[in-house]
Amino acid sequence: MQFLRNGSILFLILLGAPWVWAQGGRAGRAAQQAGAPQTGAPTATPPAETAGRGGRGGAPAPAAASEFYDYDTTAGTAPEIPSAPSAESHGKMTLNGESLAYTARAGYLPLRNATTGQTMAHIFFTSYSKDASGESSARPLVFFLGGGPGQAAAWQEFGGLGPKRMKWGADGSVPSAPYEWVDNPHTLLGQADLVFVNPVGTAFSRPAQPGRGPSFWTTAADIASLGEFVRNFVAMNNRRDSPLFLAGEDHGTGRAAGLAAYLHDHDVPVQGVILLSMTMSADALAGDTEYLTLMPSLAMAAWHHKKLAPELNAMSAEQISGQARQFASREYLHALYKGDRMTADERAKAIAGLARLTGVSKAFVVNNDLRVTLDRFTAELLRDQHRGLSASDSRVSGFQPAPAGGGRGFFGGGVPLAIDFNLNNLSGGFETAYEAYLHSDLKFNGNGVFYLSGGGVSNFTSTGNDDQNLANAFARNPNLRLFVGISYFDLSAPFYATEYTLAHLNVAPEIRSHNIVVSHYEAGQMAYLDNKALPKLEADLARFVAESMGHK
């Protein structure tokens with residue numbers, strides 16, 4: 001399980017979908033070979049409190065209310081999802097000065113047991129293909145696979161990369177109802193056809209019978225079920241000649257990496273993998289390394305909120321991130337390594353340097369023994385304003401209620417309630433708008449509850465690790481290309497930790513030199529939601545797809 005650098009307090013992240021992808025280090029278990037889902041629930045003993053990275057939703061529903069919202073795997077039966085053709089609609093937009101006509105489809109693809117032919121689950125998807133001549137069967141095809149367990153692909157589709165995008169406020173917030181959506185000039189549809197896939201338990205995707213649900217909620221079964229979706233989609237839509245790309249986000253980056261290896265083993269070649277807010281290796285979070293890899297992200301937060309010295313506040317994002325990297329890899333590394341062996345002068349310099357770059361007081365650094373945890377920092381930086389920072393986007397803050405039992409004194413005698421103000425703002429109207437879009441534009445009426453961020457997946461049993469999945473995928477396919485998008489203000493996936501993970505990726509030198517593309521964004525966890533970051537992200541992804549097509 002991946003910790004959010006928060007000392008003894010664990011942040012709840014996949015709200016309503018409580019168990020997250022585990023991240024093993026190089027000494028951890030190797031990723032299991034993905035296999036087909038089996039009937040019957042695996043046993044898992046989750047911890048009393050859960051930890052991990054950025055969820056996207058509100059608090060989990062009380063147990064008494066679960067029958068009205070949460071998916072109940074103990075139910076004997078559930079409404080059958082009818083086998084029917086996908087809803088088809090057509091759209092037209094202007095992209096890069098040219099008219100682009102496209103066909104959209106929304107529906108279910110059944111997953112069937114290879115031996116018995118029995119339907120095991122129905123995967124809900126939406127797809128967009130450019131209306132063109134015979135070249136369409138060989139056009140690149142990008143599969144967006146959503147985030148970690150419980151996260152629907154609607155975020156990537158309707159948030160920023162599909163042909164239609166929710167109309168956000170000028171400041172990036174969700175406007176009041178009625179909600180609107182507009183043509184997206186930064187959709188990736190100009191470069192490739194797009195498929196947004198929702199794993200079992202997300203969006204409208206369901207197991208054929210409730211009791212089968214847990215058999216899909218393991219790392220191996222999750223990868224296998226999505227692998228069969230991709231294989232069947234390609235065959236059913238005559239896309240065998242299309243170069244395939246897999247895109248994962250947050251904890252779904254391990255899914256995308258593992259899926260690349262799975263598909264290669266099942267004779268479905270993959271051209272490239274796209275990872276956004278990549279999960280870090282356990283080595284990047286082990287011992288004092290977690291403080292080293294987190295510190296530069298704390299510096300970026302302090303820089304954004306103008307909590308640094310004037311000469312540092314005046315720097316660009318690239319400049320301040322460079323300063324922070326340099327301090328972390330030199331003075332800070334040296335201080336943490338020496339520990340109590342530091343001289344008084346060395347300790348004083350380390351304290352001063354850390355306080356200078358993170359915007360907190362020297363006393364705060366001393367009280368935390370030079371090891372600033374995420375939860376303490378997000379509560380401390382704007383403490384004088386009674387505001388806390390969002391882990392998903394440190395640029396966003398909100399009024400921080402006093403902790404339970406803390407009395408009237410702010411932050412007195414307890415741990416502040418973990419609230420991600422950014423995600424709470426974004427998720428409110430997003431699902432409502434997306435379901436309206438499905439109904440009005442894509443002519444699709446869903447079956448049951450739409451699970452955007454939780455409520456449909458429970459007790460996810462995780463094995464393996466993302467960096468090993470990547471290494472395995474590259475070992476199988478040396479021509480595989482990798483794009484990694486890193487956000488400076490995503491505290492749940494600190495940029496220096498991702499850089500550390502990539503620097504220690506176990507791949508051949510020529511792959512490291514030629515097959516891996518990394519790009520940074522002044523954005524939070526979901527860079528495509530950011531109105532300023534989206535154009536750069538779209539241009540980077542379009543270039544990556546185009547260059548991968550000609551890569552040898």
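## A buried aromatic pair

Tyr 128 and Phe 196 are both buried, where buried means under 20% relative accessible area, exposed over 50% and partly exposed in between, with a 1.4 Å probe and protein chains only. The model is predicted, so local features need pLDDT of at least 70 and side-chain atom pairs count only at pLDDT 80 or more, while totals for chains, interfaces and linings use all residues. Residues are numbered from 1 along each chain as its sequence is written, and side-chain values use heavy atoms, with hydrogens and water left out.

The structure holds 29 aromatic pairs; rings of Phe, Tyr and Trp (its six-membered ring) pair if their centres lie within 6.5 Å, and planes under 30 degrees apart count as stacked, over 60 as edge-to-face and the rest as tilted. The rings of Tyr 128 and Phe 196 are edge-to-face, because their centres are 6.1 Å apart and their planes stand at 75 degrees. Since Tyr 128 belongs to strand 3 (residues 119-130) and Phe 196 to strand 7 (residues 193-197), the pair ties together parts that are 68 residues apart in sequence. Strands (E, at least two residues) and helices (H or I, at least four) are DSSP runs, numbered from the N terminus.

## A second pair and a cluster

Trp 181 and Tyr 437 also form an edge-to-face pair, with 5.8 Å from centre to centre and 75 degrees between the planes. This pair links distant parts of the chain, for Trp 181 is in strand 6 (residues 181-183) and Tyr 437 in helix 11 (residues 421-440), 256 residues apart. Trp 181 counts as partly exposed at 22% relative accessibility, whereas Tyr 437 is buried, with a relative accessible area of 1%. Ring pairs link Trp 181 and Tyr 437 into a cluster whose members also include Trp 155, Phe 430 and Phe 450.

## Helix 5 against helix 7

Helix 5 (residues 289-304) and helix 7 (residues 317-338) pack with their axes 9 Å apart and at an angle of about 145 degrees; axes are lines fitted to C-alpha atoms, for helices over the stretch in contact, and angles run from 0 to 180 degrees between N-to-C directions.

## Helix 15

In helix 15 (residues 533-549), the buried residues include Leu 534, Leu 537, Leu 541 and Phe 544. The buried residues of helix 15 pack against several elements, among them helix 1 (154-161), strand 9 (244-249) and strand 14 (516-521).

Conventions:
Expected span 1.5 Å × (residues − 1). Contact = heavy atoms within 4.5 Å.
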